[in-house]
Amino acid sequence: MNIYVSNLSFNVEEGDLKELFTSFGEVSSVKIIKDRETGRSRGFGFVEMEDGLSGQNAITSLDQSSLQGRNISVTKARPKEESGQGNFGGGGYGKKNDYSKKW
């Protein structure tokens, strides 16, 4: 089960999350999302747990709990949605342009 954790303190590290979630079951992976340019935490991350029941218990128990002085939000992660932006720069290909009616 993939779990989304938000409202993290910028000081929380992946080991901190793993330790927190391990009390509910086996943790497969932990990833805190970081800013590409600064390398600083963006305040959210993902925890992957082996067992769905353990993951659900972790969500129920940890949602709105305090971690390093902040109340974290813990929910089941949603699948990544397709962005739908495959034309790389636009240019209007495949679209009807209003100016084409002037000719």
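Student: How should I read Lys 76: does this residue count as buried or exposed?

Tutor: Relative accessible area, taken with a 1.4 Å probe on protein chains only, decides this: under 20% is buried, over 50% is exposed, and values in between are partly exposed. Lys 76 counts as exposed because its relative accessibility is 56%. Please keep in mind that this is a predicted model, in which local features need pLDDT of at least 70 and side-chain atom pairs count only at pLDDT 80 or more, while totals for chains, interfaces and linings use all residues. Residues are numbered from 1 along each chain as its sequence is written, and side-chain values use heavy atoms, with hydrogens and water left out.

Student: Where is Lys 76 found, and with which residues is Lys 76 in contact?

Tutor: Helices (H or I, at least four residues) and strands (E, at least two) are DSSP runs numbered from the N terminus, and Lys 76 belongs to strand β6, residues 73-76. Contact means heavy atoms within 4.5 Å; when neighbours within four places in sequence are left aside, Lys 76 is in contact with Met 1, Asn 2, Tyr 4 and Ile 59. From C-alpha to C-alpha, Lys 76 and Met 1 are 7.6 Å apart in space, although 75 residues apart in sequence.

Student: In what order do the strands of the open sheet lie?

Tutor: Two strands pair if DSSP finds at least two bridges between them. The open sheet here has four strands in the order β2-β3-β1-β6, and its pairing is antiparallel. Since β2 and β6 each have a single partner strand, they stand at the edges, so one side of each is left without a neighbour in the sheet. Neighbouring strands are turned against each other by 20 degrees on average, direction ignored, where axes are lines fitted to C-alpha atoms (for helices over the stretch in contact) and angles run from 0 to 180 degrees between N-to-C directions.

Student: How many bridges join β2 to β3?

Tutor: Six bridges join these antiparallel strands, and among the partners are Val 27 with Met 49 and Val 30 with Val 47. β2 and β3 form a hairpin with six residues between them, and Gly 39 in its turn has a positive phi of about 75 degrees. β1 pairs with β3 over five bridges, also in the antiparallel sense, and Tyr 4 stands opposite Phe 46 in β3.

Student: Which residues of α2 are buried, and why do they line one face of the helix?

Tutor: An α-helix has 3.6 residues a turn, so residues three or four places apart point the same way. In α2 the buried residues are Ser 54, Gly 55, Ala 58, Ile 59 and Leu 62. Seen down the axis of α2, they fall within an arc of 140 degrees (judged by the directions from the helix axis to the C-beta atoms), so they line one face. They pack against β1, α1, β3 and β6, whereas Leu 53 and Thr 60, on the other side of α2, are exposed.

Student: Which residues have the most contacts inside the largest nonpolar core?

Tutor: A nonpolar core is a set of buried Ala, Val, Leu, Ile, Met, Phe, Trp, Tyr and Cys residues joined through side-chain atoms within 4.5 Å. The largest one has 17 residues, and those with the most contacts inside it are Ile 3, Val 5, Leu 8, Leu 17, Phe 21, Val 47 and Val 74. Two or more residues each come from β1 (2-6), α1 (14-22), β2 (27-34), β3 (41-49) and α2 (52-62).
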